Structure formats: C-alpha cells, structure tokens
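Let's walk through this one together, from the place where the chains meet down to a few individual residues. Keep the viewer open as you read.

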Amino acid sequence: MPNVSLPPPQERRAASDEDRLLLGALRDGDESAFAQVMDTHFSSMLRLALSHVNDRASAEEVVQDTWMVAIEGIGRFEGRSTVRTWLFHILRNIARGRGRKDDRLRPLSALQSADAAAAGIDPLERLVDARAAAAGHGHAALWAGHNSDPEAELLAGELREQLETALATLAPRQREVIVLRDVEGWSAAEVCNILGVTDTNQRVLLHRAREKVRHEMRQYLSGSDLCLDEYDDDLP
Amino acid sequence: MMTCREAAASLDDFVDGRLPLMRRQAFANHVHACSTCTQVLKEVRCTRRLLRRLPRERMPDPMKNRLLDELRRSRSLPDSPRAAPRIRIAPTLGTTHNHRK
C-alpha cells in the first residue's frame with residue numbers, strides 16, 4: 001500500500017457538521033456512504049491524478065489506491081480537515097509518487113524517435129501525444145463508457161476533446177490548479193490547502209493555465225462553427 | 001482610466017469575483033471602452049464555462065465493487081482498527097468510554 005502522509009496541522013480546516021455526519025457514516029463502514037463519496041469525487045480524483053500520471057489506466061489505479069488507503073485509515077482520521085481534503089491529500093501523494101516512478105521507467109528522451117528528432121518535434125509535445133495515445137482513443141475516451149452528467153452533454157465531443165487536449169499540455173501544477181478551480185469549482189483556499197501553495201502562487205498558476213487553455217481554445221474556436229459569444233451572456 | 005496592462009492583471013480576480021468594488025468598477029469601465037480587453041474577457045469566461053461543463057462520471061462498477069469488498073474485508077479483520085472498539089479518555093471526566101454501541 002502506498003506510503004502517504006496527512007496534511008500538516010496548519011493546513012487543516014475544520015470540518016462542517018455535514019462533513020462530521022459523513023465522517024461518522026464512513027467510520028461506521030456505511031457502504032452506501034462510501035459508494036456515494038466514491039461517485040461524487042471520482043471525476044475530480046481522476047482528473048487530478050491525470051496531472052501526474054501518463055494515462056487513464058494509471059490514474060484509475062491511483063484513485064483505487066487512494067480509496068484502499070482511505071478505507072484502511074478512516075478509523076484513525078481525526079476529522080481535523082474535511083473528508084474531501086483528506087482524500088485529495090492522499091490521492092495527490094500517491095499520484096505524485098506514481099508519476100515519478102513512471103517518469104523513471106520511461107525517460108523523456110526515449111519518447112523522441114529518430115523521425116521526430118529529424119523533424120524537430122519537441123519532446124514535450126511527444127510526451128503529450130504519448131499520454132493521449134496511452135489513454136486509448138484520445139482524450140474523449142477519458143469520458144466514454146460510464147455514466148455521465150446529462151448537463152455535460154451540452155459540450156460537443158469535438159470541443160470536449162480539444163479542452164482535454166489543452167489541459168494535457170499544461171505543466172502538472174498548472175493543470176492541478178485549473179482542474180480544481182475551473183473544472184471542479186473548488187475555492188482558492190481549499191486548492192491552496194491541497195497543493196500546499198500560497199494564494200499568490202495559486203493565482204499565478206491559475207492565470208498561466210487559463211491563458212494557455214484560452215489560447216488553445218481560441219485557435220480551435222476561430223476555425224469552427226462554435227462561437228464564443230454563445231457563452232458570454234453574463235458579461236458586464 | 002485603467003490601462004490594458006492593469007486590466008490584464010485584474011482579469012482573473014474579476015472573473016473569480018475577488019476584485020474589490022472600486023477596482024471592479026474601474027475594470028468594467030475599461031472593458032466597456034476597450035474592444036481588445038472585451039474580447040479577452042469573453043474568451044476567458046467562455047473557456048471557464050466550458051471547463052465547468054466537462055462531463056463527470058461515476059466510479060466504474062468493477063472498481064467500486066472491489067473497494068466495497070475491501071471495506072467488508074477490513075471490517076472483518078480481528079486486528080483491524082475498524083473492528084476494534086474505539087476507546088478514549090473523556091476530556092472532562094477522566095474516565096474511559098466505549099464509543100461503540
């Protein structure tokens with residue numbers, strides 16, 4: 001089982017009454033409570049894991065290992081942070097360890113074939129391509145085959161794939177921040193807590209991530225039938 | 001009047017609702033007068049909204065079943081912290097209480 005650590009005391013946040021009820025249910029081994037939390041956080045956990053590992057299969061293993069640690073450790077969890085914060089600290093530790101191991105097993109230079117080198121292709125681009133290929137059938141495959149949120153169907157598959165591609169090009173920390181802030185809607189404070197960064201650092205990471213994704217989407221949208229104005233009805 | 005550079009520096013805080021009132025008003029005034037910053041703001045908001053609409057999924061059943069099996073197994077182990085009574089010192093009385101019913 002992966003070796004993980006709890007968040008340091010200064011990063012802990014008091015749990016709400018609702019969270020205490022949830023924690024009580026989890027400590028009592030309430031299977032429906034576990035199943036509900038597993039479903040609620042699955043997408044977030046998978047996305048955060050993908051900031052560090054190369055493919056969906058590895059990310060799913062990270063999520064599963066996280067829950068194994070949580071099941072084993074829930075009796076010792078003191079509730080000095082929210083259950084979500086506790087879970088994501090575990091996940092991030094496991095994902096980072098797994099990512100470092102993957103990188104050791106597959107050096108970046110190995111990704112650059114003779115043809116790519118001759119063509120002047122950036123090794124980083126090759127890594128991104130390799131991650132997409134390892135995911136199975138491109139980034140859309142990340143979301144295929146499972147029960148999806150009906151509202152998410154608003155996103156066309158092609159556009160969704162472009163968004164996933166844009167996220168995959170980000171540096172791990174930038175990706176973590178934009179996933180938690182803009183995809184999952186977490187507060188800045190909770191993201192700082194999970195990632196162990198200052199608010200200033202979090203803002204810089206988020207700004208850079210947003211700029212990169214915006215530029216990727218801008219190029220895509222300008223050449224498609226989709227119009228940015230479709231989504232701007234709440235502008236000042 | 002706020003400059004484009006200043007507006008760019010305030011953009012994320014504006015989108016996140018973290019800009020103080022006076023600065024928010026200055027930002028809005030600038031955006032109304034600057035087509036370039038209006039376009040950037042539209043793109044940022046559009047991208048953010050699209051990200052929020054990325055689909056979510058439930059945990060695949062095989063994984064969930066494996067984990068629930070692990071939960072049952074961990075609870076059945078005699079030396080498991082889950083299976084053992086949780087006993088602690090009551091802070092006010094100094095006596096022990098078994099919190100398991």
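Buried area is the accessible area, taken with a 1.4 Å probe, that two parts lose on being put together, summed over both. For chain A and chain B that comes to about 5,300 Å², with carbon and sulfur atoms giving 59% of it. Before going further, a word on the source: this is a predicted model, where local features need pLDDT of at least 70, side-chain atom pairs count only at pLDDT 80 or more, and totals for chains, interfaces and linings use all residues. Residues are numbered from 1 along each chain as its sequence is written, chains are lettered from A in the order in which they are written, and side-chain values use heavy atoms, with hydrogens and water left out.

Now for who touches whom. Counting contact as heavy atoms within 4.5 Å, 64 residues of chain A meet 42 residues of chain B. There are 13 salt bridges between the two chains, a salt bridge being a side-chain nitrogen of Lys or Arg within 4 Å of a carboxyl oxygen of Asp or Glu. One to click on is A:Arg56 with B:Glu57, where the closest N and O atoms are 3.0 Å apart. This pair runs from helix H3 of chain A to the loop between H3 and helix H4 (61-76) of chain B. Another joins B:Asp12 to A:Arg210, with the closest N and O atoms 2.7 Å apart.

On chain A, the elements that each give two or more residues to the side touching chain B are helices H2 (31-50), H3 (56-73), H7 (157-168), H8 (172-183) and H10 (199-222). Helices here are DSSP runs (H or I, at least four residues), numbered from the N terminus. The largest share, twelve residues, comes from H10(A).

Next, look inside chain B. From H2(B), B:Phe27, B:His30, B:Val31 and B:Ala33 meet B:Ser35, B:Cys37, B:Thr38 and B:Leu41 of H3(B).

Finally, find A:Arg98 in helix H4 (residues 83-105) of chain A. Leaving aside neighbours within four places in sequence, A:Arg98 is in contact with A:Val53, A:Ser58, A:Glu61 and A:Val62. Its C-alpha atom is separated by 9.5 Å from that of A:Asn54, 44 residues apart along the chain.
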